[in-house]
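Me: Hi! Could you walk me through this model?

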Amino acid sequence: MEEDFNKQFIIKKPTAALILENGQVFWGKGFGAETYNIGELCFNTSQTGYQETLTDPSYSKQIITFTFPHIGIVGTNNLDLESNKIHACGCILNQQIDHYSNWRSKNNLDFFLKKNNTPCITNIDTRYLTRILAREGAIKAAIIHFGNKEKNLEALKEKIIEWKGLENLDLATLVSTDNKYVTNESLWDQTNDKYNQNTSGKFNIACLDFGIKKNILRNLNNNFFLPTILPAHSSIKEILDTNPKGVFLSNGPGDPFATGKIVIPTIKKIIGMKIPIFGICLGHQILSLALGAKTKKMFQGHRGANHPVKNIQTSQVEITSQNHGFEVDKNSFPSNVIETHISLFDGTNEGIEHKELPIFSVQYHPEASPGPHDSHYLFKKFYKEVEKYA
């Protein structure tokens with residue numbers, strides 16, 4: 001029956017292909033740049049925010065299957081970006097949408113993908129593909145938009161086999177900034193059609209950039225921090241030179257254990273100095289490793305804007321935005337660390353807190369751009385810890 005699902009998507013002259021590591025090929029219509037990429041295939045269930053998703057550095061070396069069928073409907077602009085380029089390897093859409101409608105739009109999705117040299121394939125039964133991913137877990141794949149040019153799928157199949165996947169792959173230091181910088185951009189002001197500016201920041205914080213999203217920085221500025229963004233591999237001296245009253249560990253791509261080999265010694269020194277620490281996503285995983293816990297690859301990652309998470313301390317349920325393919329092993333916590341949040345989808349860990357020190361982190365994305373705002377309280381919690389320390 002599953003084989004029948006994709007029949008309606010067969011086209012007479014394909015201009016693109018998606019190749020799975022088992023050799024299965026999906027033919028479709030090319031969209032975006034005429035090029036190819038190899039990465040880990042995943043799916044995202046968000047109904048909004050495709051531009052933010054594509055530019056999230058956490059999606060580095062991943063090919064995104066969008067389950068929502070109307071991707072491209074609001075076009076693209078120069079404001080809804082989480083970084084300065086697309087980091088995803090490519091994307092898979094149910095259908096191509098050429099006519100977009102939104103008062104903030106500047107161009108269509110096809111233009112945006114071409115500008116960022118990113119291939120896309122459309123006319124794919126994304127429901128069928130998502131069922132494969134749900135059943136088989138993480139899959140290596142290649143996406144190619146060949147247009148009218150000659151295609152060599154056999155060579156791509158060999159490249160898929162040669163690529164070792166995301167495990168033991170440090171991508172965070174590759175997407176991290178090369179130089180430190182500051183920003184005072186805050187949250188969007190709907191009335192004045194622009195981003196607010198943080199003009200009354202109170203506390204310096206050092207943000208280690210493992211692939212930080214712009215909206216995390218906007219939320220930090222909205223809570224009156226003065227963030228200085230530093231390269232992932234910054235030394236303890238470089239961090240302390242910013243005179244931080246707190247340290248933020250950002251989201252990012254790749255295997256936390258691989259990145260941790262480089263940054264954990266520095267994180268341990270910060271912990272030893274009892275400086276407040278807040279981590280999100282990869283930052284949560286790296287902080288957990290520094291505290292003595294372990295991480296592991298998930299069979300099926302969490303990617304979407306509708307994930308229910310239970311706050312164990314309050315018994316409240318938060319609807320969260322998530323994007324991760326690794327998790328902290330909840331059975332590996334040392335005695336001085338407590339679990340604060342769990343996923344109501346599969347029971348995996350979603351947050352921790354140190355029993356004595358002002359240190360906490362979450363696996364999901366409280367900045368949620370776009371998405372639910374249920375977890376904004378975490379930035380206020382960090383502010384209170386920094387205020388006490390200062």
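**Overall fold**

Reply: Happy to. The protein chain has eleven helices and 19 strands, taken as DSSP runs numbered from the N terminus (helices are H or I, at least four residues; strands are E, at least two). This is a predicted model, in which local features need pLDDT of at least 70, side-chain atom pairs count only at pLDDT 80 or more, and totals for chains, interfaces and linings use all residues. Residues are numbered from 1 along each chain as its sequence is written, and side-chain values use heavy atoms, with hydrogens and water left out.

Me: What radius of gyration does the protein chain have, next to a compact globule?
Reply: The protein chain has 21 Å, which agrees with the value near 21 Å for a compact globule with 390 residues. The radius is taken over C-alpha atoms, and the globule rule is 2.2 Å times the number of residues to the power 0.38.

Me: And how much of the protein chain counts as buried?
Reply: Of its 390 residues, 59% do. Buried means under 20% relative accessible area (1.4 Å probe, protein chains only).

Me: Switching to pockets: what is the volume of the largest pocket?
Reply: About 760 Å³. A pocket here is an open set of points on a 1 Å grid over the protein atoms alone, where a 1.4 Å probe fits, with protein on both sides within 12 Å along at least five of seven lines; lining residues have an atom within 4 Å of a point. The volume is the space filled by probe spheres set on the points, which are joined across faces, edges and corners.

Me: Which residues lie nearest its centre?
Reply: E52, D80, R104, S369 and P370, out of 35 lining residues. Helix 2 (50-54), strand 9 (185-189) and helix 7 (214-222) are the elements that give two or more residues to that lining.

Me: What about the second largest pocket, how big is that?
Reply: Its volume is about 590 Å³. The lining has 30 residues, with P57, S83, N84, K85 and H87 closest to the centre. Helix 7 gives the largest share of this lining, three residues.

Me: One more spot: where does T228 sit, and is T228 buried or exposed?
Reply: T228 is in strand 12 (residues 225-231). T228 is buried, because its relative accessible area is 13%.

Me: Which residues does T228 touch?
Reply: Leaving out residues up to four places away in sequence, T228 touches K180, Y181, V182, I205, A206, C207 and T242. Contact means heavy atoms within 4.5 Å.

Technical notes:
Buried < 20%, exposed > 50% of the residue type's maximum accessible area, 1.4 Å probe, protein only.
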